Each structure stands twice: as structure tokens, then as C-alpha cells.
Amino acid sequence: MPEEKFMQKAIEAAVQSAHNGDYGHGAVIVLNGEIIATGYETLKSANDPVNGHAEIDAIRKACQLLKQPYLEETIMYCTAEPCPMCMSAIIWAKMPVVVHAITRDDMIAEMERLKSESGGKFSWRQIAIPASEIIEKGEPKVELISGFMREEGLKLFELTGK
Ligand SMILES: [Zn+2]
């Protein structure tokens with residue numbers, strides 16, 4: 001069962017990222033009931049669209065800490081449904097469980113809102129593949145727990161860009 005205290009820490013990382021001028025995304029990796037890595041979104045502050053995703057940041061830190069390329073037995077808590085790049089990295093790292101708060105549909109709704117608010121100027125880079133589809137086509141299989149503490153996660157939208 002997912003635990004609220006871990007998602008709370010992922011949310012705190014997301015708040016920190018938003019305060020740094022990045023998107024409000026965060027992630028933590030849990031092993032044996034303890035957080036071993038915290039991932040921050042640093043896309044804009046580090047000019048890094050790859051390692052700048054919170055989930056990738058957390059995976060790299062956890063692997064460096066454990067000195068191994070795989071993260072079996074761990075759980076990924078992230079504030080948003082992982083993008084195809086991050087979901088793929090989760091599979092490459094052999095992570096068995098992902099718990100996320102807001103969903104891809106929530107993000108699409110928010111992006112549509114920003115787009116109409118900006119008179120069509122805002123554009124969202126995306127690849128339209130839900131995490132569940134990557135899992136379906138990937139190996140090993142990952143258990144995906146969606147919408148955990150979603151209401152708290154949705155509040156992060158208010159921070160982005162502030
Ligand atoms: Zn990502």
C-alpha cells in the first residue's frame with residue numbers, strides 16, 4: 001500500500017522545484033521503508049530536458065547511492081504520471097512499483113487551460129503515450145498506482161511559473 005508520508009516528500013520536492021522557477025514536479029525513491037533519493041525538476045534552471053525531469057533525477061541519485069544500475073525492490077513516488085521518457089527509465093531501472101498523484105489527463109486539462117489563457121501562445125511539448133501503455137509494451141512489468149493524493153498534487157499547478 002502506498003504511504004502518504006512519501007508522497008508528501010515528493011510534493012515538497014515539487015514545491016522546491018517550482019520555487020526555483022522550474023515546473024512543479026518532484027519524486028522520491030523508497031527502499032525498505034526509507035527515502036533513498038529525492039528528485040527535483042531542473043529542466044529550466046539546468047537547461048536540461050533529459051536529466052531535468054524529477055523521476056530521472058531520483059533514479060540517477062538512487063543508482064549512484066546503491067552503486068548499481070537497477071532499483072529492484074524500490075518504489076517510485078512522483079507527483080505526476082511519468083512521461084514516456086521517465087516511464088521507460090523506470091523500466092530500464094527495473095523498478096517494480098510507481099505511485100503518482102496527478103494524471104496525464106489532469107496535465108492535459110491544465111495545458112489546455114494555459115493555452116487558452118495565453119491566446120494560443122503556450123505550447124506543451126508532449127508525446128501522447130500514457131504510462132500504462134509503456135508498461136503494457138515493456139518488460140519487466142511495473143505496478144502503476146494512479147491518482148494517489150491527487151487533490152494535493154493538483155495544487156502544484158498553482159505554483160508553476162510563479
Ligand atoms: Zn519525464
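Two residues are in contact here if their C-beta atoms, placed from the backbone, lie within 7 Å. The model is predicted, and local features need pLDDT of at least 70, side-chain atom pairs count only at pLDDT 80 or more, while totals for chains, interfaces and linings use all residues. Residues are numbered from 1 along each chain as its sequence is written.

Start by selecting Ala10, which, leaving aside residues up to four places away in sequence, touches Gly26, Ala27, Val28, Tyr77, Cys78 and Thr79. Then widen the selection to the largest nonpolar core, which has 41 residues, with Ala10, Ala27, Val28, Met76, Tyr77 and Ile90 having the most contacts inside it. A nonpolar core is a set of buried Ala, Val, Leu, Ile, Met, Phe, Trp, Tyr and Cys residues joined through C-beta atoms within 7 Å; a residue is buried if 20 or more other C-beta atoms lie within 10 Å of its own, exposed if 12 or fewer, and partly exposed in between, with C-beta atoms placed from the backbone. At least two residues of this core are supplied by each of helix H1 (4-19), strand E1 (26-31), E2, H2, strand E3 (74-80), H3, E4 and H5, and H1 gives the largest share, seven residues.

Next, colour the whole protein chain by secondary structure, where helices (H or I, at least four residues) and strands (E, at least two) are DSSP runs numbered from the N terminus. There are six helices and five strands, and from the N terminus on the elements run α-β-β-α-β-α-β-α-α-β-α. Buried residues make up 38% of the 162 residues in the protein chain, and the C-alpha trace spans about 45 × 30 × 30 Å along its principal axes.

Now turn to the loops. In the one between strand E2 (34-40) and helix H2 (54-66), select Asn47, whose phi is near 50 degrees, a positive value in a residue other than glycine; Asn47 counts as exposed because it has 8 C-beta neighbours inside 10 Å. Lys94, in the loop between helix H3 (84-92) and strand E4 (97-102), also is not a glycine and has a positive phi of about 60 degrees; with 16 C-beta neighbours inside 10 Å, Lys94 counts as partly exposed.

Finish at Pro140, in the loop between helix H5 (131-137) and strand E5 (143-145), and inspect the peptide bond from Glu139 to Pro140, which is cis with omega near 0 degrees.
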